Amino acid sequence: MTYAIEGWFAVDADGVVLLGTRCAACGTVCFPPRRGSCPDPRCDGTDMEVTRLPRRGRVWSYTNAVYPPPAPYVAAQPYVPVTLAAVELDGAGIVVLGQVAGLTVDELEVGMELELTAGPLADGPLVWMWRRAPGAAS
Amino acid sequence: MSGPGSSGVVVLGTGMHPWGKQGRPFAEYGLAAARAALADAGVAWTDIQYLVGADTIRNGYPGFVAGATYAQALGWTGARIASCYAACASGAQAVDLARTRILAGLCDLALVVGADSTPKGFFAPVGGDRPDDPDWLRFRLLGATNPAYFGLYARRRMALHGSTPYDFAAVKVKNARAGALNPMARYRKTVTTEEVLASPMVADPLRLMDICATSDGGAAVVLASESYARRHAGARGLVRLAAVSTVTPTFPNTVLELPNFATDSWAAAPPPERPFRAAIAYAAYEEAGLGPEDLSLAEVYDLSTALELDWTEDVGLCPPGEAEKLLRDGATALGGRIPVNPSGGLASFGEAIPAQAVAQLCELTDQLRGRAGPRQVQGARAGLAANQGLFGHGSAMVVTR
């Protein structure tokens, strides 16, 4: 499978994980992965280690795209509205945006638990996506 | 020379080209606005020492060198120029460049121009394959348009504060009523709550009439040193540019901003005292030496109806969660205690990116000069304009008289 972007997520035995960076000096995590310097201006750290971010989190907010987004997005034919969720990752203090697989806006709520998965864009390559977390109350 | 809160820079003239979708080159709108501003100020183009153009990125090379484009359109005079881009905050940065040069004593008279010509439909990223550009990637990987981010903020507001689609529709009704009275606005019809709620859903929970359009338009201001203005215009109600805030976020920014994929992490460092939007306005208040309680009116960036409610709180007109109450009480409508977007806002104009912050300044100035016609805020003495450009650009201005 081709990834729509290299180095931002991985699919392995543990499932799908987002790859961020962690500052070796102060521990600040970052997504997407960052090189060169810590995003905290009070930290001198330059060593950004790749880190696997928590796979679960709670919905900060959500929306959808009722009309097909413009290029470079490749919309499915026929078009099905894309659902988007911004999810606050457990314990990481960071909110990450992604498409949502298998849920419409009517099935989402702020605070609901989601987990990471991956799914194909309409032209084939894989991208990270959110889905309902197994075992979580909806 | 004294600092910016006391004396310094005066808005001597304003000019606009009506907003719309006329499909003409952006420079025509800018030129028309510039001529109108010069005429309003009662100065000749040949007297202008410094021209700043706010750039447009969708109109080829002339758009990236807007200062030169307008200087050439007006006729080369040898005036010094600058061009700048800061997304929706471009106009504020252009104003800031001009006023800073005046405050530094390097010139007395400056012209600031912003104009845009926009394609139909959603704003899309600039063309070409650019996987290092987050603005390109958010479309490519997620299909996340600008309205998608507005939808996220709106849904978050509903969850935090119990806002409803009726509240959002009421913002549009209010702003359309003001816009109907503004000859520069693109949309000049009043609308009903029912019409807003019956318009097509675009980015749940926001409907077509909750979201600002993309527009053509142009706006310009003539700025002058106070000493020049006094010699030139006498003591007639000078409108002072008391503050320009172009601040950036403070780490960690805990709000998901356009065009980002994620927030900063606040796990290892505490969030700042004020979220970014509030910090933009606060910096302007501090520089002007006044507070939200001193304002007669505010122009805020209603990219969506819901976002006007967020801004109303962020600029300090009420505590978080209480903007709906102000709206329902009529306080933010024309004739209310503190009118918000008396111009009609983006709801009535649509967005002409580099012109928008300049247009906000035009509205504040016209209100303080008491010539806003049927939209006049009685006895207006102080106004705030607030705005935010993607990639972390703050934009706020305070004018006083």
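Residues 281–399 of chain B are 38% helix and 15% strand, and the end C-alpha atoms of this span lie 13 Å apart. Helices (H or I, at least four residues) and strands (E, at least two) are DSSP runs, numbered from the N terminus. UniProt gives the span the feature "domain: Thiolase C-terminal", from an unreviewed entry. UniProt positions follow the numbering used here, feature names are shortened, and annotations may be inferred rather than shown by experiment.

This is a predicted model, where local features need pLDDT of at least 70, side-chain atom pairs count only at pLDDT 80 or more, and totals for chains, interfaces and linings use all residues. Residues are numbered from 1 along each chain as its sequence is written, chains are lettered from A in the order in which they are written, and side-chain values use heavy atoms, with hydrogens and water left out.

**Other annotated domains**
- In chain B, UniProt lists "domain: Beta-ketoacyl synthase-like N-terminal" (unreviewed entry) at residues 66–117.
- That stretch, residues 66–117 of chain B, is 44% helix and 25% strand, with its end C-alpha atoms 13 Å apart.
- In chain A, the UniProt annotation "domain: ChsH2 C-terminal OB-fold" (unreviewed entry) covers residues 52–117.
- Residues 52–117 of chain A are 0% helix and 45% strand, and the end C-alpha atoms are 14 Å apart.

**Interface between chains A and B**
- Chain B gives 38 residues to the contact and chain A gives 48 residues; contact means heavy atoms within 4.5 Å.
- About 3500 Å² is buried between the two chains, and carbon and sulfur atoms give 67% of that area.
- Buried area is the accessible area (1.4 Å probe) that two parts lose on being put together, summed over both.
- One salt bridge is counted between chain B and chain A.
- It joins Asp123(A) and Arg140(B), with the closest N and O atoms 2.9 Å apart.
- A salt bridge is a side-chain nitrogen of Lys or Arg within 4 Å of a carboxyl oxygen of Asp or Glu.

**Val82(A)**
- Val82(A) sits in strand β6 (residues 82–89) of chain A.
- Val82(A) counts as buried because its relative accessibility is 6%; buried means under 20% relative accessible area, exposed over 50%, partly exposed in between (1.4 Å probe, protein chains only).
- Beyond four places in sequence, Val82(A) touches residues including Tyr73(A), Gln99(A) and Leu142(B).
- Glu109(A) is 27 residues from Val82(A) along the chain, and their C-alpha atoms are separated by 16 Å.

**Val65(B)**
- Val65(B) lies in the loop between α2 (60–64) and α3 (66–74) of chain B.
- Val65(B) is partly exposed, with a relative accessible area of 30%.
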